[in-house]
Amino acid sequence: MKKDILSLNLQELTNEITALGQPKFRAKQIYRWLHKSFVTEFSQMSDLSLSLRELLNDNFVIFDCTIEKKLISEYDSTVKYLFKLHDGEFIESVLMKYKYGYTVCVSSQVGCRMGCTFCASTLSGVVRNLNPSEILSQIYTISRDNDIRVSHIVMMGMGEPFDNYDNVLKFLQLVTDENGVNISMRHISLSTCGIVPKIYSLMEENLQLTLSVSLHAPTDELRSSMMPVNKKYPINELIDACREYTLKTSRRISFEYSLVKNVNDTDECAYALAKLLKGMLCHINLIPVNEVTETGCKKSSPERVKRFSDILTSKGFTVTVRRELGSDINAACGQLRRSVQNK
Ligand code: SAH
């Protein structure tokens, strides 16, 4: 079987290339073609001999995602991609333009098995994990397609990154490698629904990325009703892990809180949330829930969002309300893939 060359780091690639009887420096050349020029065919590596290109083609494959569908928001030029993978599965990515640069939201799995009640990605379960190469190639394809340099990454697309931990860590290593696309670890956010043991594992890695934790509710009863993962890792264990994470890494945690009308958007919830997070090095990101037909969740009114935010601010928290980008193009994760699945 051909090897997945885009998932190899420079050291691993060097080992492979020398094992094929090639000089070491070729590995760096090939690595640059893959991770700086984003080529998708060995034939495009124009400074390698024809025989070497053939040798590579016989031994390796460059996993790539092809653009199946592309939707451009008329409001804010957010671009949503539906990608087809080599085995015919679909994943989604989003390109967002901010003042400080281009951000890509990547998927880490085909589908998701976490079962959050408001989320479209999990409606038909998980199909498989993505390889490091398949997470990378979302960014590479978008860079090529728009002729841009992507500066920021959020791992907030389809899938639970901590349910595909090893591949995600390898992806982080590759995407921050100075020999490759060289995105700063400080410009990467990783979002988890709260798989507690992996928060401790990541803590040991001591990375400069931003950990986002999808909290969405301040009590076990409410959180378990929205997020099944809470039955396994209840709030006190999650918050303990988060507090320890901030102390160990000195990095602020970003708590995601999607506001669902009449479910988790009451004053009582806001006060309980403030109490829960008291004293922690953190930031709260409020997201008016993106309405998905199948889930029946309704978004809170702007007045409710404002009131919820004001309560938290009055308690001393830094709070942002996420701009709703691309609301005209199904930018909520999982909605585009479902629309082709349902056909
Ligand atoms: N599995 C990871 C990352 C994927 S989703 C996680 O759970 O964090 C990224 C964020 O979007 C999470 O906070 C998730 O809870 C939230 N989300 C999912 N569906 C949503 C929807 N319909 N509206 C608003 N936020 C949603």
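Which elements do the buried residues of helix 6 pack against?

1. Basis. This is a predicted model, in which local features need pLDDT of at least 70, side-chain atom pairs count only at pLDDT 80 or more, and totals for chains, interfaces and linings use all residues. Residues are numbered from 1 along each chain as its sequence is written, and side-chain values use heavy atoms, with hydrogens and water left out.

2. Helix 6. The buried residues of helix 6 pack against helix 5 (165-175), strand 11 (210-214) and helix 9 (235-249). Contact here means heavy atoms within 4.5 Å. Helices (H or I, at least four residues) and strands (E, at least two) are DSSP runs, numbered from the N terminus.

3. The buried face. Helix 6 spans residues 196-205, and its Val 196, Ile 199, Leu 202 and Met 203 are buried. They cover an arc of only 110° around the axis, so they sit on the same side of helix 6. Buried means under 20% relative accessible area (1.4 Å probe, protein chains only). The arc is taken from the directions from the helix axis to the C-beta atoms. Just after helix 6, Asn 206 has a positive phi of about 50°.

4. Ligand shell. The ligand is surrounded by 17 residues. Glu 160, Ser 191, Ser 214, His 216 and Asn 290 are the closest.

5. Polar contacts (pairs of N or O atoms within 3.5 Å). An N or O atom in the side chain of Ser 214 is 2.6 Å from a ligand oxygen atom. For a backbone N or O atom of Thr 192, the distance to a ligand oxygen atom is 3.4 Å.

Terms used
Buried means under 20% relative accessible area, exposed over 50%, partly exposed in between (1.4 Å probe, protein chains only). A residue is near a molecule or strand if one of its heavy atoms lies within 4 Å of it. A polar contact is a pair of N or O atoms within 3.5 Å; within protein, one must be able to donate a hydrogen and the other to accept it, and residues adjacent in sequence count only if both atoms are side-chain atoms.
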